[in-house]
Amino acid sequence: MLMRRRSVMTALAAALPIAGSLGLVTTAHADDVSTARSLIQSTGAKLLSVINSSAKDSAKQEQLRQLVYGSVDVDGVARFVLGRYWRVATPAQQADYMETFRQLLVYAVTAQASTFQGASMKVGQAAERDMGIVVDTAVTVPGKPETTVQWVVATIGGQPKIIDIIAEGTSLRITERNDYAGVISQHGGQVQPLLDAMHHQLARFKANATG
Amino acid sequence: MKSRIWAAATLAAFVLTGLAGCATKPPASDPEALAAYKQNDDPLEPMNRKLYAFNNALDTYAMKPVAQGYKAVVPRPVRNHVGDFLSNLHTPVVFINDILEAKSRRAGDSLVRFVVNSTVGLGGIFDVATGLGYPSHEADFGITLAIWGVGTGPFLYLPVLGPSDPRDAAGFGVGIVSDPFFWVGEGAAVTALGYSRTAVTIVNTRADLLKPIDEVKRMALDPYATFRSLYRQHREAAIQAVRDDHRATVPDWFPQPKQAPAGALAP
């Protein structure tokens, strides 16, 4: 008993300097909050200018692809979405998953683009929370009520990147994670059926894009 | 009115008796799978998936075509006014729940909305109140129960009604009987009006959701799991919005207490 108490004390003592340095980290983050806010401001403006431009669909898709790969932590989101099944997957399946996810994300964004035709966005406050820096925005599509969209930003490899989009309280990456987990659990915990479904969907998107 | 109570009771009996079937709980040797199972909180998943398939068929062959027809005939502005009119009829229920949630500012918003929209807004056809700074908000007895500390309970997929949980299902029942219009008047005309209101509400709402629902079905690899996730997150956000509404009941000209911290979820 005494031993255990002592080890708890040691652990606490060891934790103290860590907590202290964490304090330093959070004060350094004040800069990151404004960086995150300006990232959303510029990304949002670029996004809307692509959506509202009169360019051809194929040109728009290429612009959106560059925008997504430049401002979103695509690999991080992909890993988050697969969650605990990442370790179940073989290295070949992991590579396949990553590549397919990257492509699907661009098609998903392109498919959503038409819904936001004529939209405008107001960037509100930004604050640090558990999941990252959350930037509040209000998106208005003509003829529809204003929507609250929150963008979650984290510093990945020294660069601010978008890691999640929360529309009216529903997180895109959590929804996606539950969707993919649904497929895997319906197939006895196997990752391959998910990959098959992803390939199938990608083929469908490609067919729609060319046809 | 009585027939509607019967319809609700039959529905409840249908849910409680038939279609049994439970998801198999993962063994304790697989803690991650067990954690995921608990997080999904969907022990009736096999039954729920069957009901999802049933609702999906019902929607594809009945509700969606009707909504599409309605959308083709009725232009967007008219549909918006129909929506405003129906939501005004529903405002008393929102008001009652604002009171039960002990959120006086929200109750005040609802009261102003009902009075302004019923008069200046010509019986609710025009939503004047939103422009005056009184936008609509969500409140129902399911949210009220959550504020009172009642737990969510396992996920339920109800026939016809769709995604729910025991708390929201109870809330739905209370929602019907707590609607003042449910108790107003007698006779065939009133009953017919009640049915028409329900029917128009369903069709108008479904027409509004044509694109979002199609979009989810097109993009999701497992639409059932996706709808489950969306429903849960949406309800949790609605409950959180009530919890985070700390607006004080102090007149504008009086020294104001401190505002909610920056970055809080917008009401």
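Before the first stop, a word on angles and axes: a helix axis here is a line fitted to the C-alpha atoms over the stretch in contact, and angles run from 0 to 180 degrees between N-to-C directions. Keep in mind, too, that this is a predicted model.

**Stop 1: chain B as a whole**

Select chain B and colour it by secondary structure. You will find twelve helices and two strands. Starting at the N terminus, the elements follow one another as α-α-α-α-α-α-α-β-β-α-α-α-α-α. Chain B has 267 residues, and 25% of them count as buried. Of the contacts in chain B between residues at least 6 apart in sequence, 63% link residues at least 24 apart.

**Stop 2: H4 and H10 of chain B**

Now select H4(B), residues 76–100, together with H10(B), residues 188–208. How far apart are the axes of H4(B) and H10(B), and at what angle do the helices pack? The axes are 10 Å apart and the angle is about 130°. That makes H4(B) oblique to H10(B), since angles over 145 would be needed for roughly antiparallel and 65 to 115 for roughly perpendicular. The crossing of these two helices is left-handed.

Show side chains at the contact next. H4(B) contributes B:Arg79, B:Val82, B:Gly83, B:Leu86 and B:Leu89. From H10(B) come B:Arg197, B:Val200, B:Thr201, B:Asn204, B:Ala207 and B:Asp208. By class, this contact has five nonpolar, three polar and three charged residues.

**Stop 3: H4 and H5 of chain B**

On the H4(B) side, pick out the contact residues, including B:Asn88, B:Phe95 and B:Ile99. On the H5(B) side, the contact residues include B:Arg106, B:Leu111 and B:Phe114. Seven nonpolar, five polar and three charged residues make up the contact of H4(B) with H5(B).

**Stop 4: the sheet of chain A**

Move to chain A and select its strands. Five of them form an open sheet in the order S1-S2-S3-S4-S5, with antiparallel pairing. S1 and S5 of chain A stand at the edges with a single partner strand each, so one side of each has no neighbour in the sheet.

Zoom in on S2(A) and S3(A), the latter covering residues 147–156. How many bridges join S2(A) to S3(A)? There are seven, and the two strands run antiparallel. A:Thr137 stands opposite A:Val149 in S3(A).

**Stop 5: A:Gly76**

Select A:Gly76, which sits in helix H3 of chain A, residues 74–82. This glycine is partly exposed, with 17 other C-beta atoms within 10 Å. Leaving aside neighbours within four places in sequence, A:Gly76 is in contact with A:Ile156 and A:Ile163.

**Stop 6: where the chains touch**

Finally, show both chains. Their contact takes 25 residues from chain A and 19 residues from chain B. On chain A, S1 (120–129), S2 (132–140), S5 (170–171), H5 (172–186) and H6 (192–210) each supply at least two residues. H5(A) gives the most, with nine residues. The chain A side divides into nine nonpolar, eleven polar and five charged residues.

Definitions and conventions
Residues are numbered from 1 along each chain as its sequence is written. Chains are lettered from A and ligands numbered from 1 in the order in which they are written. This is a predicted model: local features need pLDDT of at least 70, side-chain atom pairs count only at pLDDT 80 or more; totals for chains, interfaces and linings use all residues. Two residues are in contact if their C-beta atoms, placed from the backbone, lie within 7 Å. Helices (H or I, at least four residues) and strands (E, at least two) are DSSP runs, numbered from the N terminus. Ala, Val, Leu, Ile, Met, Phe, Trp, Tyr, Cys and Pro count as nonpolar, Asp, Glu, Lys and Arg as charged, and the others, Gly among them, as polar. Two strands pair if DSSP finds at least two bridges between them. Angles under 35 degrees count as roughly parallel, over 145 as roughly antiparallel, 65 to 115 as roughly perpendicular and the rest as oblique. A crossing is left-handed if the near helix is turned anticlockwise from the far one by less than a right angle, and right-handed if clockwise. A residue is buried if 20 or more other C-beta atoms lie within 10 Å of its own, exposed if 12 or fewer, and partly exposed in between; C-beta atoms are placed from the backbone.
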